[in-house]
Amino acid sequence: MAGLLAKERIIAAPGFNRWLVPPAALAIHLSIGMAYGFSVFWLPLSRAIGITQPVVCPADMGFFARMFATTCDWKISTLGWMYTLFFVFLGSSAAVFGRWLEREGPRKAGVVAAFCWGGGFLLSALGVHLHQIWMLWLGSGVIGGCGLGLGYISPVSTLIKWFPDRRGMATGMAIMGFGGGAMIGSPLANLLMNHFKTPTSVGVLETFVAMGAIYFVAMLCGAFGYRLPPPEWKPAGWTPPAPQGNAMITQRQVHVSQAWRTPQFWLLWAVLCMNVSAGIGVIGMSSPMLQEVFGGKLIGIAGALKDLAEDQRAQVATIGAGFAALLSLFNIAGRIFWASLSDYLGRKRTYFVFFSLGIVLYSLAPFAGRIESVPLFVAIFCVILTMYGGGFATVPAYLADLFGTLHVGAIHGRLLTAWSMAGILGPVLVNYIREFQIARGVPNAQAYNTTMYILAALLVIGFFSNLAVKPVAERYYMTDAELATERQLAHEAAARKG
Amino acid sequence: MTTPVMNDASRPNPGSWALVAVAWILVGIPLAWGIYKTLQTAVVLFR
């Protein structure tokens, strides 16, 4: 089995079609992308015992007692910790295991990711059966989160090596899958829960088992579809651009242990963190924001959200959900669009567009609210979301341009800690600023204005960080001797003989 | 800019394109279904 997963076993034979690698990567990213859609389980899980209504825990029950309690239901805020754990462990595992991935190859990483993600679902199913929230946190949050990290970075370096002529497009295709995973997973989970629910069960346990099995098989298929190009492989009819052609694209290599010591790494860390913080903030509040800013206008009547009748609020909430769904479509479209465009524009210019256009659009959003223009408001956030997705999808190619392709997977893994940070920073900023505004007596409809200006300020930091990115200094590059040693360690010598 | 060179070892087998189509269909169908379901939810915004 170990041999089957070894890096040297997956060197592609002559005539292999490189277009087989992106669907393999997509199979993994579409599976782990369900992390974004986990909120579909919160409501049914919050009445796992009561079935029709949640059984509320006694008010005097402490935190640890609630963790092990089997007689009362979990609160949605308690379940929501799983979401935080996903992104913390995604970033940390990508950072910790990135080097291991480069050494052992993408297939082994993909298989381990499948065991973690699929296994996490199974442990969570057991947690639902025994009604132990810690088993859900551990199963899906921690173990599943590690699967997310490994699965996310597993195809990056491989795709960049297969598509040296279109690095952005190649990684964009895979990372688009991560954005699209919830689009498949959420409706699938709803279908399965409806199928499995009975008068004594909300159907989540069986859904976890089924989805764990589906994702496990899909991810294994993806992992076994990975192939590495032979050393020095190039696409037919393509030669690398001349080294002096573009100083922002190096033909040399920076070791992962050196990369994080460079200012370029930390500038890109800030670029990713700021772009993601602003975007995550918007995603989290998109539906309530539209409802509160426009209220009754969304259904053609006057009045703020709080003044509407119950059925009118339900109509407005449906429109809010539609807005969130539309944003998710633009999020995935932006991943492939901007990443592909970056192959022509260059990465630095692409991020220049993200930040400069983003600053203008975030600053314009309160104006759209003030003039009560729903189409303008929706259009602004659709474009913002394309740039949020585009930021994720373009960064691996930016890293490969600056640091070379040898350790790009591991360097990308370390950079993803910026995502973990943004996952905390973005929502906290947005929620606290909104609450602070409301506490000061600002009407709900205007409480988002300051938030938008602060998110625009985050993009200003990102703008200057991107502007400061220059080619890596000579001293950080690997020497020929170091490169030869590294290749030996990475089993590439074995592949040459094979 | 790049200059074209002949590199036959890198050229994919002609028969491999059928496999490429199958692989893309396998990931494309669930993705298309997900996009369709999302569009169904999003369409209320335009009514």
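Two residues are in contact if their C-beta atoms, placed from the backbone, lie within 7 Å. Keep that in mind for this one.

This is a predicted model: local features need pLDDT of at least 70, side-chain atom pairs count only at pLDDT 80 or more, and totals for chains, interfaces and linings use all residues. Residues are numbered from 1 along each chain as its sequence is written, while chains are lettered from A and ligands numbered from 1 in the order in which they are written.

Now the two chains together. Their contact takes 32 residues from chain A and 31 residues from chain B. On the chain B side, 20 are nonpolar, nine polar and two charged. Nonpolar means Ala, Val, Leu, Ile, Met, Phe, Trp, Tyr, Cys and Pro; charged means Asp, Glu, Lys and Arg; the others, Gly among them, are polar.

Chain B itself has one helix and zero strands. Those are DSSP runs, numbered from the N terminus: helices are H or I, at least four residues, and strands are E, at least two. Of its 47 residues, 17% are buried, with 20 or more other C-beta atoms within 10 Å of their own, all placed from the backbone.

On to chain A. Its pLDDT, the predictor's confidence in each residue from 0 to 100, averages 91.

Last, a helix pair. Which residues of H13(A) meet H14(A)? Among them are A:Ile283, A:Ser286 and A:Leu290.

Terms used. Buried ≥ 20, exposed ≤ 12 C-beta atoms within 10 Å, placed from the backbone.
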